[in-house]
Amino acid sequence: HKQPAKTMNLLNLLRTQILVLILSYVLSYERKPCTRSIRPQFQWEDIRCYIPPLNPSLLLSSASFLMSHDAATGYINRATLSGGGIVASYGKNQVGTAYEQLQNGARALDLRPKYLTNGTVIFHHGMVNIPVTLNQLLSDVIQWCNDNDDELVLLLSSELGYESYIDEYSDDLVAIEAIQSIYSETGVSYVHCNDVYGLTVEETMQIAELSSGGYLLALDGQDKYASFCGKSNWVSSELVTCYPPGDEKCTNGRNTVPMSHLKDYIKASANNEASDDSSTLGPPADLYNTPFNEIQALWQVTVNSATAGLAHLSSILNDNIKSKVNEEMMNVIYNGELDAISLFAVDNVALNGNALLSVLRNTCGQSELETCGQSIPPPKLKYFRMSWIGWTVLCAGITALAFNVVCRKEDTRLLNTFFERLRNADASDNSSRREELLKNGHELPDITPF
C-alpha cells in the first residue's frame with residue numbers, strides 16, 4: 001500500500017534527525033561517570049550525560065564557554081594558608097582541582113599567575129598566594145583533555161603578579177618568558193590574544209591540539225601583566241554583592257533585591273551596545289585585541305561585603321549555595337535572555353556547572369543540532385532522593401500494610417470457619433428435635449435445615 005506523501009516526508013525527516021543525532025553522539029562529549037546524581041544536570045539525560053560538540057564553523061569569539069572564575073583557588077586548603085578560615089572564606093571561589101572543575105562543566109579557566117624570584121610560577125588571588133604551580137595545574141588540565149579528547153579548553157590568564165618589585169618594574173618580560181617556557185615544555189600552545197582573531201572553532205582546535213590527545217589553548221596579552229583577552233565587564237560603580245548596604249542579603253531566597261540587580265548586571269554585560277569603554281557594560285567592539293566578552297555571573301566581593309559575610313559566618317561558596325545563583329543563571333540562559341556570551345564566569349562551578357554548560361551548548365547555533373534551545377526541556381538539576389529516615393518510614397508502612405492484609409485474610413478465614421460450624425450445629429440440633437417429635441406421634445412439615 002502506498003503511503004501518503006506527507007507521511008513519507010515525516011519518515012524521511014525522522015531518519016535524517018536520527019542520523020544527525022547518531023553522528024553527533026559519536027563526535028560529542030559524554031561525561032563519565034554518568035551517575036544517577038549527575039544525569040539530571042544534562043538536558044539529554046534520557047540518553048546519557050550528553051553535550052553536543054561546538055559548531056566547528058562558529059567563530060571562536062561567538063562560541064560560549066563556561067569559565068571557572070579564579071580557578072586556581074580550588075587548590076586553596078585552610079591548613080596551608082596563613083589567616084586560615086578568613087582567607088578561605090572570602091578568598092576561595094572554587095572547589096577541587098582543575099581536573100575536577102573541568103569535569104563539573106568548566107571549559108575555560110580564569111588564571112591569575114604569579115612569578116617568584118626563583119623562576120617558579122604559582123597563582124594568587126589578590127594578596128593571597130595559592131600553593132600550586134603552573135606545572136601542577138597544567139598536569140591536571142592535560143590529563144582531563146586526554147580523557148575527553150573531543151572538547152576544547154581555554155586557559156585565560158590575567159593580573160600577572162610578581163614576588164619582587166625589581167622583576168615587576170624591569171624592562172624585561174622575565175615572567176612571560178618563564179610562562180612561555182613552561183607551556184612549551186608541556187606541549188601547550190600559548191598565543192597572543194589577536195592570534196585568534198577571525199578564527200573558527202575548527203581552526204582554533206587545530207592550533208590547540210595536544211600530541212597526547214585533546215585540545216588546550218593558553219592565551220593572554222603576553223605583556224608585563226598578562227592582559228586578559230576580553231572585556232571583563234567589571235565596573236566598580238555597578239558591582240553587585242551578596243550583602244549590599246541597606247538591602248536584604250542574597251541568601252534570603254530566590255527573588256531577592258541582590259538577585260534582581262545581578263540579573264540586570266549580566267543582561268547589560270551581554271545585551272548592551274558593543275563598546276571598548278571599560279567603564280561601560282557590554283560586549284567589546286574591538287574583537288582583534290579583545291575577542292571575548294566575559295559575563296560575570298557571580299557575587300562580587302568588596303571589603304564591606306566580605307565583612308558582612310563573615311559576620312553572618314558565611315563565605316563565597318556558602319553565599320553561592322544558599323542564594324542558588326548558579327541555578328538562577330542557568331534559567332536566564334535557557335530563557336534566551338542573553339545575546340553575546342563567550343565567557344560565562346561563575347563561582348563554585350562544582351554546583352550545577354554541568355547544567356550551565358548544557359544550556360550554553362544547547363543554545364541554538366552553538367552546535368549543529370537543529371533540536372536546540374527551548375525545544376529541549378531544561379535540566380532537572382537533581383533527582384528524587386529519599387533520606388534514610390524516609391526509607392525507614394516507607395519500609396515500616398509497607399510492612400504494616402502487608403501485615404494488615406495477612407491479618408484480614410486470617411480474620412476472614414476464622415469467621416468463615418465459625419459460621420460454618422454454627423450452621424452445622426444448627427442443622428444437627430434441628431435434626432435431633434425432628435426425630436424426637438416424630439417419635440411422639442407428631443406430624444411435621446418437610447423443613448430443610450438451615
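Visitor: Which residue in S6 does Pro-113 stand opposite?
Guide: Pro-113 faces Phe-123 in S6. This is a predicted model, where local features need pLDDT of at least 70, side-chain atom pairs count only at pLDDT 80 or more, and totals for chains, interfaces and linings use all residues. Residues are numbered from 1 along each chain as its sequence is written, and side-chain values use heavy atoms, with hydrogens and water left out.

Visitor: How many bridges join S5 to S6?
Guide: Three bridges link strand S5 (residues 113-115) with strand S6 (residues 121-125), and the two run antiparallel. Strands here are DSSP runs of E with at least two residues, helices are runs of H or I with at least four, and both are numbered from the N terminus.

Visitor: And what sheet do they sit in?
Guide: An open sheet of four strands in the order S7-S6-S5-S9, with mixed pairing. Two strands pair if DSSP finds at least two bridges between them. Strand S7 (128-130) and strand S9 (161-162) are the edge strands, each pairing on one side only.

Visitor: Which helix packs on the sheet?
Guide: Helix H6 (residues 174-186) does, touching S5, S6 and S9. The direction of H6 makes about 115° with that of S5. Contact means heavy atoms within 4.5 Å; axes are lines fitted to C-alpha atoms, for helices over the stretch in contact, and angles run from 0 to 180 degrees between N-to-C directions.

Visitor: Switching to helix pairs, how do H11 and H12 cross?
Guide: The axes of helix H11 (residues 325-334) and helix H12 (residues 353-361) come within 9 Å and cross at roughly 10°. H11 and H12 are therefore roughly parallel to each other, a label for angles under 35 degrees.

Visitor: Which residues meet there?
Guide: From H11, Asn-326, Met-329, Met-330, Ile-333 and Tyr-334 meet Ala-355, Leu-356, Val-359 and Leu-360 of H12. That contact divides into eight nonpolar residues, one polar and no charged. Ala, Val, Leu, Ile, Met, Phe, Trp, Tyr, Cys and Pro count as nonpolar, Asp, Glu, Lys and Arg as charged, and the others, Gly among them, as polar.

Visitor: Where is Asn-362, and is it buried or exposed?
Guide: Asn-362 is in the loop between H12 and helix H13 (388-439). Asn-362 counts as buried because its relative accessibility is 2%; buried means under 20% relative accessible area, exposed over 50%, and partly exposed in between (1.4 Å probe, protein chains only).

Visitor: What is Asn-362 in contact with?
Guide: Leaving aside neighbours within four places in sequence, Asn-362 is in contact with Gln-43, Trp-44, Pro-52, Cys-372, Gly-373 and Ile-376.

Visitor: What about phi at Ala-226 and Leu-313?
Guide: Phi is positive in both, near 50° for Ala-226 and about 55° for Leu-313. Most residues other than glycine have a negative phi, and most peptide bonds are trans.

Visitor: Are those two buried or exposed?
Guide: Ala-226, in the loop between strand S11 (215-220) and strand S12 (230-231), counts as buried at 0% relative accessibility. Leu-313, in the loop between helix H9 (303-311) and helix H10 (316-323), counts as exposed at 74%.

Visitor: How many helices and strands are in the chain?
Guide: The protein chain has 13 helices and 14 strands, and buried residues make up 46% of its 450 residues.

Terms used: Parallel < 35°, antiparallel > 145°, perpendicular 65-115°, else oblique.
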